[in-house]
Amino acid sequence: MSGPDGEGGEDHPLLHQRVRDIASGGEGVLTAIAHERHGGRLLRIAHIQPVTGVAWTTAADNVGPALWRGTPEKERPPSAVPPS
């Protein structure tokens with residue numbers, strides 16, 4: 001991981017990969033890690049987009065890699081399709 005970019009975002013090793021939010025148990029693609037001020041503190045917020053449904057945010061420390069078990073290949077993002 002590196003520090004925030006000029007727009008408050010962060011490069012993350014799981015960016016654009018399937019992740020699991022341990023707080024909610026939800027899975028989706030990590031679209032961004034943003035640095036946001038909340039109550040005077042600077043927090044790292046993960047933005048997650050599921051295959052279908054509404055995106056959500058969680059603490060960046062709550063995300064880890066996930067598997068695409070049971071998801072048809074055509075619904076997976078290109079980064080989640082294994083090379084042939």
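Student: How many salt bridges does the structure hold?

Tutor: The structure holds 3 salt bridges, each being a side-chain nitrogen of Lys or Arg within 4 Å of a carboxyl oxygen of Asp or Glu. This is a predicted model, in which local features need pLDDT of at least 70 and side-chain atom pairs count only at pLDDT 80 or more, while totals for chains, interfaces and linings use all residues. Residues are numbered from 1 along each chain as its sequence is written, and side-chain values use heavy atoms, with hydrogens and water left out.

Student: What makes Glu-27 and Arg-18 a salt bridge?

Tutor: Their closest N and O atoms are 3.0 Å apart, which is within 4 Å, so the pair qualifies.

Student: Why is Arg-18 called buried?

Tutor: Buried means under 20% relative accessible area, exposed over 50%, and partly exposed in between (1.4 Å probe, protein chains only). Arg-18 has 12%, and is therefore buried. Glu-27, at 22%, counts as partly exposed.

Student: Which other residue forms a salt bridge with Glu-27?

Tutor: Arg-20 does, with the closest N and O atoms 2.7 Å apart. Arg-20 is partly exposed, because its relative accessible area is 36%.

Student: How do you know that the pair of Arg-44 and Asp-61 is a salt bridge, and where do the two residues lie?

Tutor: The closest N and O atoms are 3.1 Å apart, so the pair meets the 4 Å limit. The pair links distant parts of the chain, 17 residues apart: Arg-44 is in strand E3 (residues 41–49), and Asp-61 is in the loop between strand E4 (56–59) and strand E5 (63–65). Strands here are DSSP runs of at least two residues, numbered from the N terminus.

Student: Why is Asp-61 called exposed?

Tutor: Its relative accessible area is 63%, which is over 50%, so Asp-61 is exposed.

Key: Helices (H or I, at least four residues) and strands (E, at least two) are DSSP runs, numbered from the N terminus.
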